[in-house]
Amino acid sequence: MKIDVRHVYDTEKHFTGTLDPAGDIGLEPEVSFTPTGPLAYDMLVQVVGQELLVRGSVDLPVDYECSRCGEKVSTSVKLPAFCHAYPILEDSDIIDVGPDIREDILLAAPAYPLCFQECKGLCPRCGTNLNTGVCSCQEPGTESPWGALDDLKI
């Protein structure tokens with residue numbers, strides 16, 4: 001998203017619209033999530049002193065895999081309080097906000113996304129999704145390989 005400073009010198013401007021995540025802000029599919037639609041933005045832009053203040057909200061629909069069970073989940077990454085200030089340079093009338101939008105989305109995306117908070121994950125022995133049912137694995141024995149040490153008389 002590029003802003004021409006010449007159009008906002010005299011008054012604040014309100015910008016709404018959508019951007020292509022890959023083409024406009026360089027947000028390619030990541031390891032943790034994949035954008036599934038256009039990025040929606042609602043920004044208020046104004047000149048404050050020698051800086052351009054950009055604030056507003058951003059919403060990006062994404063798909064990701066649950067870090068416990070591997071199921072696909074569709075949701076959105078929201079930035080309800082996007083706010084950045086950019087110095088106004090004499091040799092440039094265009095300010096690119098895209099890199100900061102991209103960085104804030106990457107920081108707002110969950111590091112270990114879950115399909116729901118109580119996700120049980122996968123059985124460590126057979127790989128069955130424990131959210132959909134019980135696995136057929138036998139419960140491990142309660143006897144520990146270190147149990148023989150408890151019987152030692154020292």
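## A buried aspartate and its surroundings

D100 is buried (under 20% relative accessible area, with over 50% called exposed, anything in between partly exposed, a 1.4 Å probe and protein chains only as the setting), yet D100 has no salt bridge, and R102, the nearest side chain of opposite charge, is 9.8 Å away. A salt bridge here is a side-chain nitrogen of Lys or Arg within 4 Å of a carboxyl oxygen of Asp or Glu. For charge, Lys and Arg count as positive and Asp and Glu as negative, while His and the chain ends are not counted.

A word on the model before going further. The structure is predicted: local features need pLDDT of at least 70 and side-chain atom pairs count only at pLDDT 80 or more, whereas totals for chains, interfaces and linings use all residues. Residues are numbered from 1 along each chain as its sequence is written, and side-chain values use heavy atoms, with hydrogens and water left out.

Let us start with the overall layout. The protein holds 3 helices and 7 strands; these are DSSP runs numbered from the N terminus, with helices being H or I of at least four residues and strands being E of at least two. Along the sequence, the pattern reads β-β-α-β-β-β-β-β-α-α. Along the principal axes, the C-alpha atoms fill a box of roughly 85 × 40 × 20 Å.

Of the 154 residues, 31% count as buried. The accessible surface comes to about 10200 Å², and carbon and sulfur atoms hold 52% of that area; the areas come from the Shrake-Rupley method with a 1.4 Å probe, and for residues only the protein chains shown count as cover. Contact means heavy atoms within 4.5 Å. Among contacts with a separation of 6 or more, 55% are between residues 24 or more positions apart. The protein has 11 positive and 25 negative charges, whose mean positions are 6 Å apart; each charge is placed at NZ of Lys, CZ of Arg, CG of Asp or CD of Glu.

Now to the charged pairs. Side chains of opposite charge can pair when their charged atoms come close. By the rule above, the count comes to 2 salt bridges. One of them joins K78 and D59, at 3.2 Å from N to O. This pair links distant parts of the chain, with K78 in strand 6 (residues 72-87) and D59 in strand 5 (residues 51-65), 19 residues apart. D59 counts as partly exposed because its relative accessibility is 27%. The other bridge brings together D63 and K72, at 3.3 Å from N to O. Here D63 is buried, with a relative accessible area of 16%, whereas K72 is exposed at 62%.

Back to D100, which sits in helix 2 (residues 98-108). Leaving aside neighbours within four places in sequence, D100 is in contact with F82, H84 and Y86. Y86 also turns up beside another aspartate, D96, whose contacts under that limit are M1, K2 and Y86. D96 belongs to strand 7 (residues 94-96) and is partly exposed, with a relative accessible area of 35%.

Two further residues are worth a look. V73 lies in strand 6 and is buried because its relative accessible area is 13%. Not counting residues up to four places away in sequence, V73 touches V62, D63, Y64 and C115; D63 is one of the salt-bridge residues described above. E71 is found in the loop between strand 5 and strand 6 and is partly exposed at 41%.

| Pair | Separation in sequence | Distance in space |
|---|---|---|
| D96 and Y86 | 10 residues | 9.3 Å |
| V73 and F116 | 43 residues | 9.4 Å |
| E71 and G121 | 50 residues | 9.5 Å |
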